[in-house]
Amino acid sequence: MAGPLVLYALCGSLRESSKNRALLEALLEAAPADVAIEICDLLGQLPIFNPDLEGEATPASVTAFAAKIAAADGLIIASPEYAHGIPGGLKNALDWLVSRAEIPHKPVMQAHASQRGDHALDALTEVLKTMSVRLVGSAFLRVDLLGKTPDQLRAILTDTGTQATLQVKLRRFAQEIGQEDISAL
């Protein structure tokens with residue numbers, strides 16, 4: 001393999017104590033040396049989507065975000081459910097990508113930090129299908145972290161069973177992307 005498999009992770013929650021962010025961080029920690037995961041910190045910097053600002057008028061933050069998407073071999077998206085839907089910041093970020101070339105056919109792994117939230121998952125799946133991404137259903141990851149204390153959260157995410165599940169899901173995602181030789185998985 002020429003280099004590491006590059007995965008870009010989007011968290012639908014901007015909260016500092018986000019359970020979905022904790023799940024993405026656990027995936028990052030569980031990843032082998034030949035899988036590079038970067039967690040996006042740009043969603044809160046994106047202006048509200050406006051088609052009048054596309055093309056040459058595209059804001060620099062959107063251009064930077066789109067460049068990260070383009071450079072990634074695949075995306076991991078973890079999102080909570082807000083009022084039976086996708087959080088506004090995540091939806092806004094996806095709206096900025098709708099008419100761009102970076103997103104179609106990009107492999108996407110969904111991760112979810114709750115046993116609830118199927119309305120948001122369904123809505124997110126619909127949006128992603130409309131954007132022509134390649135959803136990797138076999139890599140879908142759900143770990144129930146809802147309502148857990150920081151100590152419980154750490155215990156769950158460092159548990160050997162959870163770690164094994166994270167690695168299995170990353171392996172499935174890597175295989176779907178076409179990186180069957182991910183050595184440490």
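User: Which residues in α2 meet which residues in α3?

Analyst: This is a predicted model, in which local features need pLDDT of at least 70 and side-chain atom pairs count only at pLDDT 80 or more, while totals for chains, interfaces and linings use all residues. Residues are numbered from 1 along each chain as its sequence is written, and side-chain values use heavy atoms, with hydrogens and water left out. Helices (H or I, at least four residues) and strands (E, at least two) are DSSP runs numbered from the N terminus, and contact means heavy atoms within 4.5 Å. On that basis, V62, F65, A66 and I69 in α2 meet A93, W96 and L97 in α3. By class, this contact has seven nonpolar, no polar and no charged residues, where Ala, Val, Leu, Ile, Met, Phe, Trp, Tyr, Cys and Pro count as nonpolar, Asp, Glu, Lys and Arg as charged, and the others, Gly among them, as polar.

User: Why are α2 and α3 described as roughly perpendicular?

Analyst: Two packed helices are described by the angle between their axes and the distance between the axes. Here the axes of α2 (residues 60–71) and α3 (residues 88–97) come within 10 Å and cross at roughly 80°. The axes are lines fitted to C-alpha atoms, for helices over the stretch in contact, with angles from 0 to 180 degrees between N-to-C directions. Angles under 35 degrees count as roughly parallel, over 145 as roughly antiparallel, 65 to 115 as roughly perpendicular and the rest as oblique, and α2 and α3 are therefore roughly perpendicular to each other.

User: How many residues does the largest nonpolar core have, and which have the most contacts inside it?

Analyst: A nonpolar core is a set of buried Ala, Val, Leu, Ile, Met, Phe, Trp, Tyr and Cys residues joined through side-chain atoms within 4.5 Å; buried means under 20% relative accessible area, exposed over 50%, and partly exposed in between (1.4 Å probe, protein chains only). The largest such core has 31 residues, and L7, L23, L27, I37 and I76 have the most contacts inside it. Its largest share, six residues, comes from α1. Leaving aside neighbours within four places in sequence, L27 is in contact with I37, I76, M109, L141, L166 and L170.

User: Is S13 buried or exposed?

Analyst: S13, found in the loop between β1 and α1, is buried, because its relative accessible area is 7%. Leaving aside neighbours within four places in sequence, S13 is in contact with S18, P80 and Y82.
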